[in-house]
Amino acid sequence: MPEQPPKNVAISTLALMALGTVVSLNALPMMALEGLSLVFYILFATVVFLLPAGMVSAELGSAFAERKGGVYIWVKEAFGPRWGFVAIWLQWVQTLAWYPTILGFSAASLAYCLGDPHLSQSGVYTGLVSIGIYACATGVALSGTGAVNTLTKYSVFMGTLVPSLFIIILGLFWIDQGNAVAFLTQNTQIDGHMVREHVHPRFFPHFTGLGSVTFLAGILLMFSGIEVQGVQAASMKNPRRDFPIAMLLASAIAFLIYLMGSLAVATVLTPKEISLTAGLMEAFSLMLHKFDLDFLVPLIALLITFGGVGNVMAWVSGPSKGMLQTARDGEAPPFFGKVNKAGAPVALLAIQGVIVLALSSIYFLVKNVSIAFFILTTLTASIYLAMYLLMFGAAIRLRITRPDLPRTYSVPGGLVGMFLIGGTGLLGVAFAFTAGFFPPHNLPVGNPALYVALVAGGLSIFIAIPLIIQAFKKPQWKRTTSAENNFSINGNNGD
């Protein structure tokens, strides 16, 4: 029999797992480059997206806490099984192109741990390490829910929370020692001498065109993923109470890490010292050097690499479990429902692994893939935002059509409150979705029409695939998958 999820997922564990899907420390230097304007960006993203997503996920998770499937169940109950399948498909497929980016970040961090940062410029090194980390993560996922939850919890704690706290402490020490705050000063040449002068930082960013709007929309996506662990709600002892607490706790911690962490980097490093290409480890190295703590670089690099593993683990299991549930409900081909003795969705993990392996192989073939990856990232972002449109729409619709649905946690303010909070999230997602079709001014993407065609065409294809699957859905899918669930694929399942 497949493994039944134990009712032992604690609030702290789920909060850490949700944090692993939301927080990417590699974003801190990018936000720090904006100076004090980063506060506006983060507040904007929190109010317009993170809080609505966290609150809506908490309500939907508490309403359907006893049922597996996460966003699949939420959207299914509002708009029917077809759109529930579309929602979980979009959540699952968007992760496939995202994996190579977080894996590349982990490989770059590991290079610092090995004492040779230049390794991160090697496509062969990056490709091999990326594939190796993903293979290990998949191996753990095949071991079952318990192994995934344990590794994710400790890797996010050690690799995300600890480095975040450390970088914030460095920023506070820098101010306490009387050093100049980097984003409040600038170097000016007067009579042949460099003089550091105080400047008046700008809180509101200066928008220069559609490229700036695209950047603002991209900030919203940094806070995405809070809903992914909805599939874990049924594994909690008191899911109707504990799941909302975990979601809101993860949202609060994510906000603090992004705000305080990026401010700490902006406090110690000047804009000229911040490198977007070198990323977080270069920023960490420079900050530690200013405190004569260079010997800590390998340790911090090891922790951040471990945190990258936690990010991957948090995403490997979540959407796959939701897709597994669609197969068990007969909404997807029975092949998707194959599990091993530990209850892991082996077919989905195998498909996922092949695609991620193919995408990670780009590191072997191309020296500069920044533009290609940007287009790929924009495409997957559009796919993910389409899922959020369905999720926010489902929350609003269920408040209207099923007002008596038991909700341990409800977005405050009744129906008006849901329209305000859910509607804000819906508008924020629509804004980011639309902005994604405008190429940013700081990347030479070539022909803008071709850029829009690639993004729009790819989005149309990925939305069409689940609709086509649904169009050819057969009644025997549900009966076949239900029968297969009684056996392990490692046993005699009749295949």
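Where in α3 is there a kink of about 45° centred?

**View 1. Helix α3 and its kink.** The kink is centred on threonine 46; the bend at a residue is the angle between axes fitted to the seven residues ending there and the seven starting there. This is a predicted model, in which local features need pLDDT of at least 70, side-chain atom pairs count only at pLDDT 80 or more, and totals for chains, interfaces and linings use all residues. Residues are numbered from 1 along each chain as its sequence is written, and side-chain values use heavy atoms, leaving out hydrogens and water. Helix α3 covers residues 37-63 (helices are DSSP runs of H or I with at least four residues, strands are E runs with at least two, numbered from the N terminus). From first C-alpha to last, α3 reaches 38 Å, close to the expected 39 Å (1.5 Å times one less than the number of residues).

**View 2. How α3 is covered.** Of the 27 residues in α3, 23 are buried (under 20% relative accessible area; exposed is over 50%, partly exposed in between, with a 1.4 Å probe and protein chains only).

**View 3. The chain around the helix.** The protein chain has 17 helices and two strands, and 55% of its 495 residues count as buried. Among contacts (heavy atoms within 4.5 Å) between residues at least 6 apart in sequence, 80% join residues at least 24 apart.

View 4. Cysteine 113 is partly exposed at 23% relative accessibility, while cysteine 136 is exposed at 55%. The disulfide count is zero, taking a pair of cysteine sulfur atoms within 2.5 Å as the rule.
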